[in-house]
Amino acid sequence: MNEKVFRTDTKALVGSVIIGIVMLIMMQVTGRIDAILDPTLLLLNGTCWAFFTGLIVLMYRQPAGIIAGVVEAVVAMATGYSPLAFFFLFANVLGSIVYSLIARKFSMEKLSHHIIAMLGTAVTGNLCVMVGLIYVFHLDWKIALLSSSLTAFVGTIVAGILTKSVYGALQKSSLL
Amino acid sequence: MELSKLDPRTKLAWYALMIYFSLSSGTAVQLGLVLVVGIMASFILTRSLKQYKVMIMILLLLGLQILIVQLIFCREGVLLYQWGILKIYSEALPLAITGILKASIIVFASMQFFTSASPQEFTLMLMKFKVPYRFAMLVGLGVRFLPLLKAEYVSIIDSQCTRGLKMETIRDKIKAIIPTFMPFLYRSVRRATETALAMELRGYGRSKARTFSSALAIKHYDIALISAMLLVIILSLASKILPLIYSII
Amino acid sequence: MKTIVNVKIEKLVFPQEEKPALKNIDFEIKQGDFIVITGGVASGKSILLHTITGAIPHYHEAELTGQVTILGQDIKDMRLNRMSDYVGYMMQEPHNQIISLEVYEDVAFGLGNLEIPLHQIDQTVKRALEFVGLTGYESRQTASLSGGQAQRVVLAGVLALNAPLLILDQPTAELDPQGRYELYQRLGQLNITQKLTIVLVMDRIEEVLNYANRVFYMRDGEIGKECSPEDYYKEQIEHRLGRLNYNTSFNSTNDMSKDIIAEMTKVSYEYNNDLPGCEDINFNIYQGDFLAIIGLNGSGKSTLAKLLIGLLKPSKGEIKVFNQTLTTENLTKTRTQAGFLFQNPDYQIFASTVAEEVGFSLKLRGEQPEVIEQTIDECLHFVGLLDYKEMHPHRLSRGQRQLLALASILVSDPELIIADEPTSGLDETQGYMIMDKLFELSQQGKTILLITHDLNMAKDYSNRLVALHNHRIQLDILTRDLDQHLDTLKAMGLNFYNLMSFNRETPTSTSNTPYSATLGVESPTEAPMFNFSSTSSLKEVNDGTF
């Protein structure tokens, strides 16, 4: 067992559920803004997703990252909030695992570490959504690829910076 | 026989069946049939479809989106109409319709499954799948905290608004994300820490087993139903894969 | 008597901090002790409790020099989830400690973890619920419980585990006076009849002293002194009498000016689910008022405050603040002149330093950096947090965070300050600290609107009282005329007779009178709800303890 990857204490488990719900609520908030600004690209939503996927892993490691992702997707499905939630389920789980695997190799003290980890997560997650777009909505693959790449790119940069600063603030607060 | 009296594992098999059909069926007629059967099942077992009302609007919006995207980008079939760079092909509409139907089945089936049993039943089901209770019991925790956290976020927005934060235009709303999200995050972490401590001091995870106030007992008709559904999936898969194998041989 | 806990802490230091959070602590807890811990802001009360429950060092990282043993075992060597054999612990914020969706499941939670057979769980849950007075609540949804009920459910869950030592952190913070009285009486009973050892951090000094046998006063992480409840009580009375004189003079001398700051005319508000919020509210707030709005939970106090600041729009009637009808356009301007202090300071803390947090409103308004800097310092100085300027706000104690919230309102230099239950979740000392600051602001000419269910504070600080009952204003009086309206208020469930009221008692009589008489508490008329064998009366409990 690698301590940088795993953590199964009660604090991490309960935290994963609660932050998973926080993620859901923030996804809803950003989703509503996207619906007006960029209904097909979902830049804000994608960034929010990437940010949480990374932050939860930094806060509580695994399996908390996976649990939070499942909580977010399942509640989104149960409440009928997002039709794509079924694909979020895979994106959430895979994205979280990828983040863990990359973050394990770094000290996560530099911005570049955060950007690299986020790149892996954003690409994985958007790949899942892309498959959904092509398979379920029969979207042309070139269009799906373009939209997913753009979301992944923005997500990597913005979410990378955000996870670093928010995680730093959390550490400073000594709440973790 | 009510839906809630079925074993959650039977419901899970049903969910798997619906998802399988939504992904494997190709024509609008097949997909439509699957959706109707799913809705009928809900109606027969619970006598009410009220809970699905929320998804209608969302699906309509999504449908419109898919339709527009297909009309603009679809390049299959024959060219029907051209205006400048906008070209509409004959396959756009059928593709949009099957897309909407597939999405509808997935949304409907997911909602049907995840609202069909109590959190405790899901916990017990997970434990039947050998998930340790420390993990399985998190289901109930999620359901318990969802409304609390929602209400809390509203209070946080109110609180920041009285300090002069504006929430009117889209620009305002984007700017408001951080000042409303950070208190929410801090509060939630604090809450998680306290809840976990309270749980642990009441013996959470002390040993591998735990007494629950109810248990799952799978009944004969559950076993029959699960077997039948699995059989359908296997047969259907076989009918698709076997010809492929033969053709290779 | 058997020693249950032995605490020897040379010092306790949290990571990244230099100053020890606890130091030079050395005491024993004997079986049957009822210890009350009190002290000022950030004096280390809750941290001390954490060291006894094992939360420190198992849960919160800290470097402990010294040893804490429970029934002879070093806490360091015990797993946290085995502590339930020794300690029951109830924290603040009951809703964070409720895990299950139904009351029964929640009380049974710990018992289930101990793998107790189901039929036995049934009995214990039933008995525990009976003891806290919640028989028949088994299948109630925990989400629908009021704060007080939630607190009792948590207590039932803790008591069900039957640990020999019970630790409580401000156990009555969410209860009204009657509920508080009942809870302490039940704890007193358990202490006497079951020899249950109790250690608690006190929120209100009143009732609990009837049952306690030791009082610890903490200061700067040390137990400054230990005294008997009698001595502590006498000291507090003198302290409070001083405070009271000081405030009474305020009540009588403040002549009301006739400048209207805000007025509500025939205002009604209905919530979406057709629940009434406020009905037909007519009243004015005058410049310089220290107006207290009192009423039971759900009487519409908070709705009224939210209407006033434009968080809710009235379904009928008109609201004018600073001579302007509230509209979406002037809302931002109005809010710069009116500050709103929420119940929970954590709802607004988002910055990484205290200074940044306080400056938020100014930054939103685009003030000059130098002005911001200076105003921040002034406001932090006023609330006494200037030394913590660069600290992360969440490292402050709850009371300090409430002061921080006050400071972040004061930077805008508001004319009107609306405070919605600003002392909830705080103990008495911290609560009075907040109130004193509001009082000081009132002396500087600010108008204060206080919403509270704490009748003591309403009476001590306000010059005018408005009582809400069933969503309507039932009474609008000057506080100095309170005595003429006591019966009317009592009929609304606002019993001022029941308060610890020093102006009706001569201070000299306190030393000889039994506490129950001095405190003005009446014995409850209903039969005791608990099932744990004894029925000894309050009087007997007194005799037994002293």
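This is a predicted model: local features need pLDDT of at least 70, side-chain atom pairs count only at pLDDT 80 or more; totals for chains, interfaces and linings use all residues.
Which residue in strand 2 of chain C is the bridge partner of C:V5?

**View 1. Strand 1 of chain C pairs with strand 2 and with strand 4.**
The bridge partner of C:V5 in strand 2 of chain C is C:I29. Strand 1 of chain C covers residues 3-13, and strand 2 of chain C covers residues 22-30. These two strands run antiparallel and are joined by 8 bridges. Strand 1 of chain C also pairs with strand 4 of chain C (residues 63-70), again over 8 bridges and in the antiparallel sense. Within strand 4 of chain C, the residue opposite C:K11 is C:T65.

**View 2. Six strands of chain C form an open sheet with mixed pairing.**
Strands of a sheet pair through backbone hydrogen bonds, either parallel or antiparallel. The 6 strands of this sheet in chain C follow the order 6-7-8-3-9-10. Strand 6 (87-90) and strand 10 (222-227) of chain C are the edge strands, each pairing on one side only. From one strand to the next, the twist averages 20°. Inside the sheet, strand 3 (residues 34-39) and strand 9 (residues 214-219) of chain C run parallel, with 5 bridges between them. One position to look for is C:I35, which stands opposite C:R214 of strand 9 of chain C.

**View 3. Helix 3 of chain C crosses helix 5 of chain C.**
Helix 3 spans residues 103-113 of chain C, and helix 5 spans residues 147-159 of chain C. Their axes come within 7 Å and cross at roughly 35°, and the crossing is right-handed. On the helix 3 side, the contact is made by C:V103, C:D106, C:V107, C:F109 and C:G110. These residues meet C:V153, C:A156 and C:G157 of helix 5 of chain C. By class, the contact residues are 5 nonpolar, 2 polar and 1 charged.

**View 4. The largest nonpolar core has 275 residues.**
In soluble globular proteins, nonpolar side chains tend to be buried together. The members of this core that touch the most other members are C:A156, C:A407, C:I418 and C:L450. Helix 1 of chain A (residues 10-37) gives the most to the core, with 14 residues. Beyond four places in sequence, the contacts of C:L450 are C:L291, C:A292, C:I293, C:A419, C:L438, C:A458, C:Y461 and C:S462.

**View 5. Chain B touches chain C.**
The contact takes 43 residues from chain B and 51 residues from chain C. On the side of chain B, the elements giving two or more residues are helix 7 (138-162) and helix 8 (170-201) of chain B. Helix 8 of chain B supplies the largest share of that side, 14 residues. The side of chain B that touches chain C has 20 nonpolar, 12 polar and 11 charged residues.

**View 6. Chain C is also in contact with chain A.**
Here 5 residues of chain C are in contact with 5 residues of chain A. The side of chain C that touches chain A has no nonpolar residues, 4 polar residues and 1 charged residue.

**View 7. A:Y135 lies in helix 5 of chain A.**
Helix 5 of chain A covers residues 111-135. A:F52 is 83 residues from A:Y135 in sequence, and the two are 26 Å apart in space, C-alpha to C-alpha.

Notes: Residues are numbered from 1 along each chain as its sequence is written. Chains are lettered from A and ligands numbered from 1 in the order in which they are written. A nonpolar core is a set of buried Ala, Val, Leu, Ile, Met, Phe, Trp, Tyr and Cys residues joined through C-beta atoms within 7 Å. A residue is buried if 20 or more other C-beta atoms lie within 10 Å of its own, exposed if 12 or fewer, and partly exposed in between; C-beta atoms are placed from the backbone. Helices (H or I, at least four residues) and strands (E, at least two) are DSSP runs, numbered from the N terminus. Two residues are in contact if their C-beta atoms, placed from the backbone, lie within 7 Å. Ala, Val, Leu, Ile, Met, Phe, Trp, Tyr, Cys and Pro count as nonpolar, Asp, Glu, Lys and Arg as charged, and the others, Gly among them, as polar. Two strands pair if DSSP finds at least two bridges between them. Axes are lines fitted to C-alpha atoms, for helices over the stretch in contact, and angles run from 0 to 180 degrees between N-to-C directions. A crossing is left-handed if the near helix is turned anticlockwise from the far one by less than a right angle, and right-handed if clockwise.
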